[in-house]
Amino acid sequence: MDTHGNEKSIRPFPHDRPHVHAMTDLWLHNQLISIRKSRQMLMTWWGAATCLWDVLHPGKLIVQQSKKLEDAVGNEWVGDGPLGRTKFMLAHIPGKSVIGLVEGRDYVKRETHIDFKQLGSAVVAIPEGGSQIRQKTASGIFSDESNFQPEFGDSYAAAIPCIRGGAWFLSISTAELGAAHDLHNDQMADR
Amino acid sequence: MVADAKTWTITDPETQVLIPGNEHDIGLLARRNFNQFVAIDLGMGADPDVFTKDLIRSEQLRLGGRLLPDGSFRNGWRFRKEYLRDATAAAGQPVFEQEWLDWQTPHLRDPLYRMDLDLSPAGLSLPQARLGLPEGFRLPTPSEPYAVAISRDVDGLVVLGTAFWTLTAEARRQELRKWLVKKAEGRIAVWIDPTSRPVGLPPSMESGIRVFAAGADVGEGVQQSETTCIVLTGDTKEQAAEFGSNRITPGDFGVLMAAICRFYNDALAVPVRKLHGITVIRAMLEECGYGRIWHERNSSRTIEKRAEALGWMKGETSDDLLFGRWITAIKEHRVTLHSATLWQQHSQYIYDVQGRICHQALAGVSVEERKRHGDRCVGGALAWLGVLDLPLWRDEKPKDVSPMGSLNYRREQRGQSTQAQKAAPWWSK
């Protein structure tokens, strides 16, 4: 979804852009990733795509975290927010009924999550804060605009048991000072 | 080189260039940090087909970049933060850009006159008053209605009528608290007279009067921070008056604030509520009987109703609800400043390393310390908040309290005593 007012607003994901390809390879081979990016790099779309790909495997609980719940949930009809983008891509997978992705039978879209009943997987949107992650045993955590989450330090600390258990952690943000910035720059010891 | 193409596993703490950048920005850099994260820096150079030279230049210009006389280009801090990933780019940058303040420069001028409170006539007797009154006061001439205790003449002088001298010293002091007096060395600078005709008033409306809002930020009164009051007009949104002092106590300032508001056609007062602000509000309400104070609203999806909480809850420049609106008003030239001091203080506001707005003298102190700092810009922002809630002008000045000794005052007293008699139980009559 391109909401910049172009004629063809819904287009295939531009996987051929050089950094998208490289980022995917990096994500496949590294459990913990922190990305400090420029604007307009398609990284939130890419993060939502990785969440969708991973949740289509059995027994996965993927957590998408933003500053507020509304930010994490977003809007699936305009492709906004991590969960909104995940829902949007799920709705536009070509020939999805052929590969066994029928809405209502194979997966159910809720306000704050998507359940894949056959697979026993789910992707959940949560607001910032350690207590939000603490109560979940996640297989993967996607923290969107993490530099703008004042409670990112608590979230990361609460996610460490999940990470030790094998969960991947993906932090993506534009530049801002905060705990995520310190994590990226080896300054977490100061906190 | 550990980041081989086969596995893409990053284990080296040294930065690896996975995608080279170009002359505009880096590409894709990665390294393993101490927390075992792969720290990736992703710049516009990683995608040169999308981030072309023209696109980058248009974004640079849109975000405050400038072509310098020597032909080089200087990026604005917003571009450095958004596109070049500089988290501290905002630190030290002025909040009010020079172009916004330059627009105000032609409007800066000296005040029309100055005013202040003066309670000294309360201690005088009539024979002493005949020998000479302080500056700004005079006795009535035989042709004037001498029975009224206090009134203001066309020149703005305060006339102390015969009834004034029949009052006790305490009652005189109470009356004088309501009247600002013209003083050459007064603490309140006045640019717009409250009796001036509203701009844009239709000729058919003869009785329209201007409306004003007065914002007040309160300091401690021990020379640590400034207590300020800024008055703005409702119709032209320009500065009408200014007060600033770091010696006045909050209680005295409440009395002065009530007098300023009464002088300005019963202006809407918007004081802060935090710390000493509550003392100001209490002094205005209880000591001066002035109740036209801005109050919060409780909003829900369907209704918005008046809350009991008087005054603005905070007074910090980091409060976007308050200061953000003022920044927009200055940026879009919706407000006109006349005071050079107020104008100058705007140029002293910067963003700190956390991106919060602060006074440059306070950039190194804690947030708690900043909260105690009163300032004229905060006063202006509060007045702007009040002005947004006001009509352009009013039909008639609302009657707050009748001057003691006036005909209306005696009627009110008589009416109140009649009501009290009627309300009293039968056995007390």
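How many residues does the contact take from chain B and from chain A? The contact takes 36 residues from chain B and 31 residues from chain A, where contact means heavy atoms within 4.5 Å. The model is predicted: local features need pLDDT of at least 70, side-chain atom pairs count only at pLDDT 80 or more, and totals for chains, interfaces and linings use all residues. Residues are numbered from 1 along each chain as its sequence is written, chains are lettered from A in the order in which they are written, and side-chain values use heavy atoms, with hydrogens and water left out.

About 3,000 Å² is buried between chain B and chain A, with carbon and sulfur atoms giving 59%. Buried area is the accessible area (1.4 Å probe) that two parts lose on being put together, summed over both. Within chain B, the most area is lost to chain A by B:Trp8, B:Phe37 and B:Leu42, together 23% of what that side buries.

Between chain B and chain A the count is 5 salt bridges (a side-chain nitrogen of Lys or Arg within 4 Å of a carboxyl oxygen of Asp or Glu). A:Asp186 and B:Arg31 form a salt bridge through their side chains, at 3.1 Å, N to O.

S3(B) gives the largest share of the side of chain B that touches chain A, 5 residues. Strands (E, at least two residues) are DSSP runs, numbered from the N terminus. Strand S1 (residues 32–37) of chain A runs parallel to S3(B), and 5 bridges join them; two strands pair if DSSP finds at least two bridges between them. A:Ile35 has B:Ile40 as its bridge partner in S3(B).

How values were computed: Helices (H or I, at least four residues) and strands (E, at least two) are DSSP runs, numbered from the N terminus.
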